[in-house]
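Please look over the domain arrangement and the nonpolar core of the model shown here.

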Amino acid sequence: MSRHIRIWSFADVDRSGKVRWTANELGYEIEEARIKPGEHTAEPYQALNPYQQVPTAELDGQTLIESTAICLALAERHPEAGLIPAGQPARDRFWQTISLAGTTLETPVVLYYLAKLGFVEPAWAELWAGPLQPRLTTFAASVSRDGYIGGEFSIADICAAYVLRIGVQADLLSLEGKLEAYLRRLMERPAAQAARFFEGL
Ligand SMILES: N[C@@H](CCC(=O)N[C@@H](CS)C(=O)NCC(=O)O)C(=O)O
């Protein structure tokens with residue numbers, strides 16, 4: 001199995017960052033394929049990703065879409081790296097976090113932030129402000145001051161870091177206390193730095 005991945009993205013800070021960080025944790029050689037917004041809704045890109053979104057990855061001759069699924073596909077290929085915890089209860093907490101981060105929190109927090117920056121309709125921020133703030137605050141309160149989500153570092157931390165980073169950038173969360181300790185520990189990881197995951201925080 002070759003450790004080479006090609007990643008299509010707009011920028012380091014979009015959801016491709018989760019894939020880039022995971023690939024760096026596993027020592028992959030990364031080939032970047034940058035596209036401009038607008039190219040994602042036209043050929044040739046939409047043949048790769050008919051949902052017309054980034055990221056897309058090419059791995060072992062296969063085209064993969066959906067950032068969290070690509071991270072999990074990488075982690076599954078290298079069980080020795082332990083990026084998916086092996087036993088309960090760590091595994092239960094892992095899947096819960098993958099689901100919370102990837103579905104309950106990710107799309108709302110990204111749209112809220114993009115609305116605040118003026119990239120999408122302001123209505124997205126107005127509609128999401130109410131339910132999003134308490135959910136993100138609850139999620140941030142669940143991280144550990146001195147550990148990781150599944151005990152050991154895993155893909156759950158990468159997915160959590162993505163929504164927490166944007167929550168801080170959108171001023172929905174304060175970078176202090178337990179949350180700051182958790183995120184700073186993640187920022188120190190060489191693979192996160194190589195992926196430029198926290199750039200702009
Ligand atoms: N669930 C998808 C969401 C992908 C997504 O929304 N990507 C954004 C960039 S981070 C995008 O392509 N936005 C452009 C669009 O939706 O038109 C994933 O995790 O890959």
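The chain is divided into domain 1 (4-81) and domain 2 (90-194), with bounds that come from an automatic or database domain assignment. This is a predicted model, in which local features need pLDDT of at least 70 and side-chain atom pairs count only at pLDDT 80 or more, whereas totals for chains, interfaces and linings use all residues. Residues are numbered from 1 along each chain as its sequence is written.

Across the boundary, 10 residues of domain 1 are in contact with 9 residues of domain 2, a contact being a pair of C-beta atoms, placed from the backbone, within 7 Å. On the domain 1 side, H1 and H3 each give two or more residues, and H1 gives the most, with 6 residues; helices here are DSSP runs of H or I with at least four residues, and strands are runs of E with at least two, numbered from the N terminus.

## The largest nonpolar core

The largest nonpolar core has 52 residues, and among its members Val109, Ala160 and Leu164 touch the most others. Such a core is a set of buried Ala, Val, Leu, Ile, Met, Phe, Trp, Tyr and Cys residues joined through C-beta atoms within 7 Å, where buried means that 20 or more other C-beta atoms lie within 10 Å of the residue's own.

Elements giving two or more residues to this core include strand E1 (4-9), helix H4 (90-117) and helix H6 (155-169), and H6 supplies the largest share, 11 residues. Leu164 touches Ala140, Leu173, Leu179 and Leu183, leaving aside residues up to four places away in sequence.

Key
Buried ≥ 20, exposed ≤ 12 C-beta atoms within 10 Å, placed from the backbone. Contact = placed C-beta atoms within 7 Å.
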